[in-house]
Amino acid sequence: MKPYFVILSFLLVLSTQSKDFFVRNDYSTYHVEVYQAEELIVQQSFAEALNIYRSLFKNYDFIFVRDYKVATQIAWHLGFETEAYEYLRLGIAGGWEMKSIKSNKFLKELRQQKDWSVIKSQYDSLQNVFNKNINQEMRAEVREMSLKDQRKGLEAVFRIGSKSQDHFGENKFAPLNEKHLLRLMEIIENDGFPGEKLVGYEPWGQGIVSRHNSISQAYCKADTLYPFLKPILLSCIKKGNLSPASFAWIDDWFITVESGWSTASYGYVKQLKKNEISKSNEIREQIGLRKVETRNQLIDIQNKNQMDFYLPARPKKDGKILVN
């Protein structure tokens, strides 16, 4: 299915929208500042990194919960106990769940202090703040579409051989996924990308587009939906509705699959070659995403002192982006 009429309609609506669709606060600057903070962290300049997070929390209405998580740990590391608890509270109000907090080894000592009992007593009310700030109806819809996609996609696993899997993807999976992607485009048109800011969880929307981009090489080469959607997703980064890491995961699938797995880009889907690192860092910088080397250094710090920087999961050894 090639719904050109839907794309045209979508384009016309976008062209007539007010400037509010684009940005009020430019989150491309936000992500550059996070990138700078991470560079300071790998240099062990924790106080300077914390100053950047303090500035972010002061100047932006919406904060990605990962940044509260990182700032909580840095503040605790520097001995700023009151500040660490404040960021922890803000993180919970932003969707940081108790299970995740308790699994953070670096914060074990924090959870043994007397103020931890206060946090636990406030947890439900802080979670209510989170639940009221997101669109629950949209959250349920996007989650259900992503789960349906995922269940249908798993059927390809039982097909033997790449040709059989491609045939299943193009003829069985694609119609369902295209339906979901078109609905996702309607949501973006009206409200923005349904990521953390709108529904509290980004991988559902990310998954719908990523699976679309991984159907087959032939499908990607003929596709009109993602090439049209890509610049819209980039504008969603600027608006704060989509994180650079999620966009990179989406775009990485398209570049890798469309090239027949001959080209690596961000290093998530396909292992980078040494001569591809410079190009990868260049496109990463364009969207405010950390360099390959920075990610790997952050993981080294995690392994050394048990901090958790909540980096996007990688299906590779120890989470690092490997280079051959």
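## Exercises on the pockets and the fold

The largest pocket is lined by 39 residues, and K69, E196, Y201, P203 and Y310 are the ones nearest its centre. The model is a predicted one, in which local features need pLDDT of at least 70 and side-chain atom pairs count only at pLDDT 80 or more, while totals for chains, interfaces and linings use all residues. Residues are numbered from 1 along each chain as its sequence is written, and side-chain values use heavy atoms, with hydrogens and water left out.

**Exercise 1.** Describe the largest pocket by its elements, its volume and its lining.

*Solution.* Begin with the term: on a 1 Å grid over the protein atoms alone, a pocket is an open set of points where a 1.4 Å probe fits, with protein on both sides within 12 Å along at least five of seven lines, and lining residues have an atom within 4 Å of a point. Next, the elements that give two or more residues to this lining are α2 (27–42), α4 (65–77), α6 (98–102), α7 (115–133), α11 (203–212) and α14 (244–258), and α2 gives the most, with five residues. The space in the largest pocket is about 1,200 Å³, where a volume is the space filled by probe spheres set on grid points joined across faces, edges and corners. Finally, the lining divides into 19 nonpolar, 10 polar and 10 charged residues; Ala, Val, Leu, Ile, Met, Phe, Trp, Tyr, Cys and Pro count as nonpolar, Asp, Glu, Lys and Arg as charged, and the others, Gly among them, as polar.

**Exercise 2.** Find which element gives the most to the lining of the second largest pocket.

*Solution.* The second largest pocket holds about 490 Å³ of space and is lined by 19 residues, of which A156, Q165, S214, I215 and S216 lie nearest its centre. The elements giving two or more residues to this lining are α8 (136–154), α9 (162–191) and α14, and the answer is α9, with five residues. By type, the lining of the second largest pocket has nine nonpolar, eight polar and two charged residues.

**Exercise 3.** State how many helices and strands the protein chain has, and how much of the chain is buried.

*Solution.* Then apply the burial cut-off, under 20% relative accessible area with a 1.4 Å probe and protein chains only, and buried residues make up 52% of the 324 residues.

Conventions
Helices (H or I, at least four residues) and strands (E, at least two) are DSSP runs, numbered from the N terminus. Buried means under 20% relative accessible area, exposed over 50%, partly exposed in between (1.4 Å probe, protein chains only).
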